[in-house]
Each structure stands twice: as structure tokens, then as C-alpha cells.
Amino acid sequence: MSASTSRSAVDYDVLIVGYGPAGMVLSALLGRQGHRVAVIERYAGLYNLPRAATFDDDAMRLLQKLGIAEQVTAGTRVQRTYNWCNADGEILIGNEFSDFGRSGWPEFNMMFQPVLERELDALCRRTPGVEIIQGHVATGFRQTDDTVEIVAQPADELGRPQPGSAHRAQTFTARFAVGCDGGNSSVRSSLGIEMDDYGFQEPWLVCDFRLRHEVDLPMALQYGDPEQPTSIISIGPHHHRFSFMLNEAVPSPGDVDPEQVWHLVKRWITPDDAELIRVAPYTFRSTVAQEWRRGRFLLVGDAAHQMPPFLGQGMCSGFRDAHNLSWKLDLVLRGAGEELLETYTSERSPHVRAITEKAVELGRIQTIRDKQAARLRDAELLRRRDAGQRPEGFRFPGYGTGLLAGAAPHDRARGQLFPQAWVAPRPDSRRRFDDISGSGWVLVARDASALAGVDDLPAWRAAGGAVAVLGDPFDSRPTADTTVGDVDGAYQQWFDEHACTAVVVRPDWYVYGSATSADSLRTLTHSCLRDLHRPVGVAEPQV
């Protein structure tokens, strides 16, 4: 499809404020879809220090879509366990993670964030249509019925407007603007959007080290010591993070004596083992924006939500935001109704709220400071462990409302994440499903017979949809764009569990709806084309 054309004279299709991981992902996705994007970033270069520490298989699946998954793995460690201990070192909860999660990658990856940001930055810079404007801070925001305007001034090394630089301010215009500018978002503040607070607000000291040699350290461990709750995690192959809960907030890194840090970590490492590269006082917060869209301005990532790190889902949630919003903005920029953007909030906000609530719950368990309460917690968790009760893994929610097929009793897959497993495009090879099915909408059938009598496949393909069938890769029937073998039987099992014969999967891998017969599949594809504001080209079915 060709790039969009604006209805009025604008510089860009989308302006993005903030060039962290979420802003980078959104920029790359929109640029790859053919849109003109400008990113306004207050700092002159990349941050180049670790902040986020982990990401999951969903995030890696998105990096796969962007073509940089293999490069990013150079700065990651796959982690298979995550233990929670008491003050005596007894394991209270032992979490285990798969090397091949539902999105086709390891479920728990420990990363050194600068490696990720370098790869995302290189991707954005080689993507046509993406312009990166660094060293400028956004200071003015305005919108009309069909445009947005953002004023940006040259910034100093701390990201503040340079004194006397107002006369050098530039005004940028676009169809839409997205705030990806972090927890202290200037976009959100300018819109006057309030935050809902989930009540978890605790001061911590985060200390990052570059290891000088191999050191025997816990790779992913939470110490529930009421005297000093502590988190120890690997952040990639050569770095480690120690985080300590504080009694009171520390105003700035300059108020932390490095000797104090070495005292805190002395039971694990010494200056002979590692170099202290970063000390950051943080207040872990739990807030979600009441609105994620105000007219032509939208919020993504930390600008829309902040959560405690106990699930490792802060950056991952920002990636999901960017992915969800990118294909909806693409549709609107190509002529779909702007009301489609309302589904961004209705889908992402409940999803993030559920994750935030779980992260708060885990945080409260780990950060108990009362010794008697900690003993009671330990006794209960040890009882469960000794009784063989495995911890319940947190199941990420699907979408219940939004751009989905109408709810139906038979549709168990609607709103759920469609998995990525190994498939065989030829009998002698295997690849991950997304590499075969493409990056857009796809109709997936468990066998060719599920497509019999579906009369709007030409309209589906004309709208950019693909068709994939599970079966013999030698059986290249004209109804399918791709026929692939189900290498491990994962898809047949998934179709069995959801009692369906075919699904329509959105560009962000969530299921628009599922069908149990050719008739219900016809209804489903008609519904989807109508929701996408595409002509169906045939008469509406009678249902």
C-alpha cells in the first residue's frame, strides 16, 4: 500500500515525543508501514545506561517482526528460574520459565538495555520516512480538528530548554502526536490527564555493575528480608543489578556515597569483581492514566502507566502499547474512521491495569517490613512449597472489548493471543509461524476444508489479509497463500482447546474472532472487513 496523504498541509503523519524503547518501536512500525514520522527527543544521544532489565517472549516476538531479534540476543541472557527467598535464604517461591513460550521465544530474558536501544536506533535510522530530532525538548502543544502542532526548543545536556533559545524554537505539524516521554510526560501534563494511583509507592536504590570476570551470583532472586528487601538480577551476559528498598527516598544519585553501595553488596561482590556503573534512586510507582487519548494526542508506555518491577512488565507493556496503536494509526491514516482509535484505550488500559494490580500484589509480598508479618508470610509460603503446591503463574489477560468480532458463545478464542510455534513451509525445514504468515492480518485455518465455501477471500486479500492453512506443505491449494506443516502439533492442540476450525488474527497477534464452520467463518470475515471499513464486495450473509 502507498503512504498516506494528509487532508491538510502537515510536515508529518505522526509526531512522537520521546525516543526510548517504546518510542523507537512505534517509530519503526509506522515507518515500515510507509508513514512520515518525526521523533522529538530532548537528549542529544542515546541514554546508554540500563533501566529496564527484562523482557518476555511477546517482546521478542515483536523484535522478530522488526527483524532484529537475533541481534538483540547478543545482549541478553535466557533465565529459566526466578526464586523468592526469606531472610534465611530459604526458597519460598520457585518460578520456572520455558525456553519456548506461547510467542515462540524464551519467556524470561535478562537484558543490557543499551544493546537493545542501539539495535532499535539503527533500525529507525535505516527506515525510510523516520526522522529523529535529538537535542530538542517539546515545550508547546496544540491541536485543531485535523492537525497537531508541537513547538520544540534546543535542549541543554540535562534535556531542559537552553536559556535564551526561544527564538530558535521550531514548530512541527502532523495528523497525530504520541507521547512516549516517560513517567514525567510533558505530553500528558499538557493535556491535563490525571492518573489513577494503585497505592504502591516505595523508594529503592538501584545499583548496576559491569562484571570484570565470572562471578557466582544469583541470576534472578528476590530477598524478602524485612530488614532489607533486596532484588538481585542479571542484566545481560556481563552486567548485574542489585536493588535495595530504602526507608526513605534519596533525592538524587549525587546523594549516594559509592562506599555505601559497596557496603550493601559486600556479601556478593567487591570492587575486584565489578565496576559500579550506575546508581539510581527510584520510587517504584503504580499509576495508570485515566485517558490514553485526548483528541489527536495519544499516550504510550510510561507516559500512560507505571508499575512496580516485580513482574518485569514495564517495557513489555510499552511495546504492546506501541504495537497495538501502530496498526490502528496506519488504518486511520489510510482513511478509516478516527473512532477506531478509541479501541486503543479500551484494549490496552484494562490489560495494563490487570498487570499493574498483580505487580503490586507481588511487591507487597516481597517488601513486608514488619518482622512478625514476614514470619507469617514465610510460614504460609513454606507450607505451600512443602505440600507440593506450585506457584500459580500469572496468565496475561486477553482483550474483552475493542476491535473484535461480536461476542458469541462458541467463540472461545476471541481476544486471546494467537501463539507462535514452529511450522514447516517445506518438509525439510522449519520456521517460526510469523515469518511465514507475514506482519498483517491473517486468516488461519486448521485444514483446507475449513475454507470451503468462503466467498470473500478475494476481498480479504484485497484488504491486505493473508490466508494460512495447516496441512501438507506440498498441498498448495489456491485457497491458501501459505500451507505449512504443524511441526510439534501445537496449533492443532490450540484449535482443539478453543473448539474452532479457523481464526482471524490481527496484526498484533490477538484473535479478532474464531469460527467453527464455513458459515461462521463467512460471517466472521464479513464482519472484519466491515470493521476495517473495507468493501466486502458480496452480499451480506443471512445469519
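Visitor: Which residues form the one aromatic cluster?

Guide: Tyr82, Trp84, Phe97, Phe108, Phe200, Trp204, Phe284 and Phe310 form that cluster. The model is predicted, so local features are reported at pLDDT of at least 70 and side-chain atom pairs at pLDDT 80 or more, while totals for chains, interfaces and linings use all residues. Residues are numbered from 1 along each chain as its sequence is written, and side-chain values use heavy atoms, with hydrogens and water left out.

Visitor: How many aromatic pairs does the structure hold, and why is the pair of Phe97 and Phe108 called tilted?

Guide: There are 24 aromatic pairs. Rings of Phe, Tyr and Trp (its six-membered ring) pair if their centres lie within 6.5 Å; planes under 30 degrees apart are stacked, over 60 edge-to-face, and the rest tilted. The ring centres of Phe97 and Phe108 are 4.7 Å apart and the planes stand at 50 degrees, so the pair is tilted. Phe97 and Phe108 both lie in the loop between β6 (91-96) and β7 (109-111), 11 residues apart; strands (E, at least two residues) and helices (H or I, at least four) are DSSP runs numbered from the N terminus.

Visitor: Is Phe97 buried, exposed or partly exposed, and what of Phe108?

Guide: Buried means under 20% relative accessible area, exposed over 50%, and partly exposed in between (1.4 Å probe, protein chains only). Phe97 has 27% and is therefore partly exposed, whereas Phe108, at 9%, is buried.

Visitor: What kind of pair do the rings of Trp292 and Tyr344 form?

Guide: Their planes are at 70 degrees and their centres 5.7 Å apart, so this pair is edge-to-face. Trp292 sits in the loop between β18 (287-289) and β19 (293-294) and Tyr344 in helix α8 (residues 342-366), so parts 52 residues apart in sequence are tied together. Trp292 is buried at 0% relative accessible area, and Tyr344 is buried at 0% as well.

Visitor: How do you know that Arg36 forms a salt bridge with Asp13?

Guide: The term requires a side-chain nitrogen of Lys or Arg within 4 Å of a carboxyl oxygen of Asp or Glu. In Arg36 and Asp13 the closest N and O atoms are 3.2 Å apart, which meets the criterion. Arg36 belongs to the loop between α1 and β2 (37-41) and Asp13 to strand β1 (residues 12-17), so the pair ties together parts 23 residues apart in sequence. Arg36 is partly exposed at 30%, while Asp13 is buried at 0%. The structure holds 33 salt bridges.

Visitor: What separates Arg125 and Asp121 in helix α4?

Guide: Within α4 (residues 113-125) they are 4 residues apart, which means about one helical turn. Arg125 is partly exposed at 47%, and Asp121 is buried at 12%.

Visitor: Are Asp208 and Arg278 buried or exposed?

Guide: Both Asp208 and Arg278 are buried. They form a salt bridge whose closest N and O atoms are 3.1 Å apart. Asp208 is in strand β13 (residues 202-211) and Arg278 in strand β17 (residues 274-284), so the pair joins parts 70 residues apart in sequence.

Visitor: How do you know that the span of helix α7 agrees with what it should be?

Guide: The expected span is 1.5 Å times one less than the number of residues. For the 20 residues of α7 (residues 314-333) that gives 28 Å, and the end C-alpha atoms are 28 Å apart, which agrees. Of these 20 residues, 19 are buried.

Visitor: What makes a space a cavity, and what volume has the largest cavity?

Guide: On a 1 Å grid over the protein atoms alone, a cavity is a set of points where a 1.4 Å probe fits but cannot get out; lining residues have an atom within 4 Å of a point. The largest cavity has a volume of about 120 Å³. Among its 13 lining residues, Arg320, His323, Asp508, Trp509 and Tyr510 are the closest to its centre. The elements giving two or more residues to this lining are α2 (57-66) and α7, and α7 contributes the largest share, 4 residues. Volume here is the space filled by probe spheres set on grid points, which are joined across faces, edges and corners.

Note on methods: 1 Å grid on protein atoms, 1.4 Å probe; cavity = no way out; pocket = protein on both sides within 12 Å on 5 of 7 lines; lining within 4 Å.
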